[in-house]
Amino acid sequence: MGRRVGRRGRMGGEGEEGFVKRPANPAIAKTSLCSYFRKKGCNHGENCKFAHGESELQMRPDGTWDPTSERCKKKEETEEGEDAKGDESRYRKCLVNVPMNWSQQKLKSFLDQNGVRYSSAQKRKSMKVCFMGFNSQEQLSKSAEILDGMPCGNKRLKLADVLPRAWEQKAVGVTEAALAGDKEEEDNNDGEDNPMVEDGSGDENEKKTLEPYRNVTQVVTPLADLSYEDQLAKKKEEIIQILKRLARNIRKGCPSGMLLPDWLAAAKDREGLPCEFEGILPSPVVEGYRNKCEFAIGLGPDGKNRVVGFQLGSFREGINAVAEPGECRNVSSVALNFVAAFQTFIRASKLPVWNKTDNTGFWRMLTIREGREPGSVDEIGKEIAEVMLVVQVCPTGVPEDRAKEEYSKMAKALVEAATTATPQLPLTALLVQEHVGVSNSAPADCPLHALPLPGLEEIHNSGKPLDEPLAHIHDYIGTSKFRISPTAFFQVNSAGAEKLYSLAGDWAALGPDTLLFDVCCGTGAIGLTLAKRVGMVVGIEMNASAVADAQLNADLNGIKNCRFICGKAEDVISKLLKEYAIDGPDEPEQTAAPEAGKGEEGGDEQASPVVEGSVKQEEDKRPRFKNIVAIVDPPRVGLHHVVLRTLRLHKQLKRLVYISCNPDSLLANAVELCMPIKEGPVEKQKGRGGFRGSNLGHARRRVKTLPPSEPFYPVKACAVDLFPHTKHCEMVMLFER
Ligand SMILES: C[S@@+](CC[C@H](N)C(=O)[O-])C[C@H]1O[C@@H](n2cnc3c(N)ncnc32)[C@H](O)[C@@H]1O
């Protein structure tokens, strides 16, 4: 581990969701040519995710060009001329347009039935590209004759070249499947799932010199080389551009013949900004601030040694190697110590580590969550007082006894590491999460088992043994105490979160007659920190254990005026507004379409649309409010359109504070809240109708289906830097009407 482990504490925590463009996404970066544009023209115009012509085409994050582009062909010709590929790669091809739901087995039987001879054929479900190897030029030519242009499903197959990429092939465990870079791979892309990993664009020169990997700090903390002031200036400039995009997009969608709303007309006097921008608030803690880190378990860049750390890029980029996190400035020294101890244990374990290429292995991921001592944000030296370790494993094929034996060895090793360190490391809870899915991001209802921590439990229970091992930790926002369960969301920089929530509270202009809707409330952090300033808080959250935490957190802090509802916001918000508001909305109550979660069965706690009981019985006693304010803090995808519609159509809701970790969804949601609507017949919603445009495009289309309603307007915006050294930050925006 490269970094010296210093005094405990002084470390803090990035929202699951960071605030950054996603250039690693090839669609957004226009790294593929638009096939509609090429054939008969594309009506998505500038909203199209794909490049309209070679001039718009950008290089893929891995340094290659769209295989169908002129650039790629030219590159290939040059490489062929140099005969750099070697025989083997010359007989390798990729077969395009294979049905995505085909397994490798299905592909092989298809090839056999059609008399195709080959040496290897690799296919993964959810990819429309498979990789084939041939023994000779003759075998390849015959296969090409059969396969090229052959109808398959509603498409025609195409045998295309595979582009070897030396810098990747030097790397370990990279299969050609990873080279596909297809959109369909997105679900498996941990680089994007894990906000610790930044974009995969990398540095061009580096690839040219065939460097196999970027450095871990370039991946996880790409701004770390800049001074903190320069980091803030860079983020501020990016947010200005995002805000300008918001104004441009709403102007673009304004119905023709309608006067621009005042705020939009005034944007030109603010250099294109839709509202006042108050700049960026720095994080009170800059080093080791993360209170939650997810460490991959895999092989290091040498392909031999087991490493616990960060993946050096996304699987889609073909990068599978894991690097130690020692140089990453956002990770606390306590976490680094646990990572080192766990790595030593993993290296000695006989069970295999997870291999993303074939989705096999036992040890998958280590999540470290930390809770700090209470205190205000000015006290930056807060000690880490509690630590929860969650080890994700894939139990497939490992007998239960064998796994249990390994768990108790692991607990012993970690307890030893905690108690022998100087100073001792806090260790409060150790859990195992069993997850068999392909992506490391497990659903919230994945089985979790808390393990005993021999020798430490008495410490957590005033000298007495615990009845059950602990399965949570506590952290503080200011002086409010929060219990946090393993799958519950909590802002990863708790000192920064205090600033964020306080700003949101100030802008919400709260008072004793206010009903505050805390939409997507997690463990109740926003509502509970603001509860004293309002008449009542209603929190909505779909993760059942986070809701249980929120209820308990109200008790922990002696707060009585909060109610937390477990359900998807889109399923419950309309009913709740009706219950508490003096006037109802203009429209009949709306809930989300079934596919959006309502009525989903199978015990998935995330999908539960159930409103907390006793709604009916107490209906008459419920207080009713005239002054309703919503603070929304949605996940990366933003708010569901039913929530946006309900908020917009509810006349009593005059003020809305939006906390965002993703500029793209904030922009799209702001369009639905702020776009003016022309009086007249309402367009019928036609579903997606084959429309594959951007989120913004969808938002603009959806606005046209709203009944006439007063739009919100953006009043002011401010960023709060919760993630120093990364490109991410949180953004707060106030909307009023
Ligand atoms: C960015 S977190 C914010 C949590 C909380 N406001 C905080 O600051 O700690 C987003 C939360 O929304 C929840 N969530 C995601 N989709 C939801 C939905 N459709 N309805 C309700 N909650 C949802 C997630 O479980 C997560 O707890």
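In strand E3 (residues 129-133), Met132 is the bridge partner of Lys93. The model is a predicted one, in which local features require pLDDT of at least 70 and side-chain atom pairs count only at pLDDT 80 or more, whereas totals for chains, interfaces and linings use all residues. Residues are numbered from 1 along each chain as its sequence is written. Helices (H or I, at least four residues) and strands (E, at least two) are DSSP runs numbered from the N terminus, and two strands are taken to pair if DSSP finds at least two bridges between them.

E1 and E3 run antiparallel and are joined by five bridges. E1 also pairs with strand E6 (residues 158-161), again in the antiparallel sense, over four bridges. In this second pairing Cys94 stands opposite Ala160 of E6. The loop between strand E1 (92-96) and helix H4 (104-113) contains Asn97. Asn97 is not a glycine, yet has a positive phi of about 80°. Most residues other than glycine have a negative phi, and most peptide bonds are trans. A cis peptide bond, with omega of about -10°, joins Thr422 and Pro423. Pro423 lies in the loop between helix H13 (400-420) and strand E13 (429-434).

Seven strands form an open sheet with mixed pairing, in the order E10-E9-E8-E11-E12-E13-E14. E10 pairs with strand E9 (residues 306-311) in the antiparallel sense over two bridges, and Val322 in E10 is the bridge partner of Gln311. Helix H12 (residues 333-348) lies across strand E8 (292-299), E9, strand E11 (363-372) and strand E12 (384-393). H12 runs at about 140° to E9. Here axes are lines fitted to C-alpha atoms, for helices over the stretch in contact, and angles run from 0 to 180 degrees between N-to-C directions. Residues are in contact if their C-beta atoms, placed from the backbone, lie within 7 Å.

An open sheet of eight strands, also with mixed pairing, has the order E7-E22-E23-E21-E20-E17-E18-E19. Strand E7 (276-281) and strand E19 (562-566) stand at its edges with a single partner strand each, so one side of each lacks a neighbour in the sheet. From one strand to the next, the twist averages 15°. Strand E18 (residues 536-541) and E19 run parallel and are joined by five bridges; Phe564 in E19 is the bridge partner of Gly539. Helix H15 (residues 494-507) lies across E7, strand E20 (627-632), strand E21 (653-660), strand E22 (713-720) and strand E23 (730-736), at about 5° to E23.

The ligand is surrounded by 24 residues, of which Phe489, Cys520, Gly522, Ala569 and Asp633 are the closest. A residue is counted as near a molecule or strand if its C-beta atom, placed from the backbone, lies within 6 Å of it. Helix H16 (525-530), E18 and helix H18 (569-580) are the elements that give two or more residues to this shell. By class, the shell comprises 13 nonpolar, six polar and five charged residues. In this division Ala, Val, Leu, Ile, Met, Phe, Trp, Tyr, Cys and Pro count as nonpolar, Asp, Glu, Lys and Arg as charged, and the others, Gly among them, as polar.

Two packed helices are described by the angle between their axes and the distance between the axes. The axes of H18 and helix H19 (residues 641-649) come within 8 Å and cross at roughly 20°. H18 is therefore roughly parallel to H19; angles under 35 degrees count as roughly parallel, over 145 as roughly antiparallel, 65 to 115 as roughly perpendicular and the rest as oblique. The crossing of these two helices is left-handed. A crossing is so termed if the near helix is turned anticlockwise from the far one by less than a right angle, and right-handed if clockwise. In the contact, Ala569, Glu570, Ile573, Ser574 and Leu577 of H18 meet Val642, Val643 and Thr646 of H19. These residues divide into five nonpolar, two polar and one charged.

Helix H20 (residues 663-674) packs against helix H21 (residues 695-703) at an angle of about 10°, with the axes 8 Å apart. H20 is therefore roughly parallel to H21, and passes H21 in a right-handed crossing. The contact of H20 with H21 has six nonpolar, three polar and four charged residues.

Definitions and conventions
Two residues are in contact if their C-beta atoms, placed from the backbone, lie within 7 Å.
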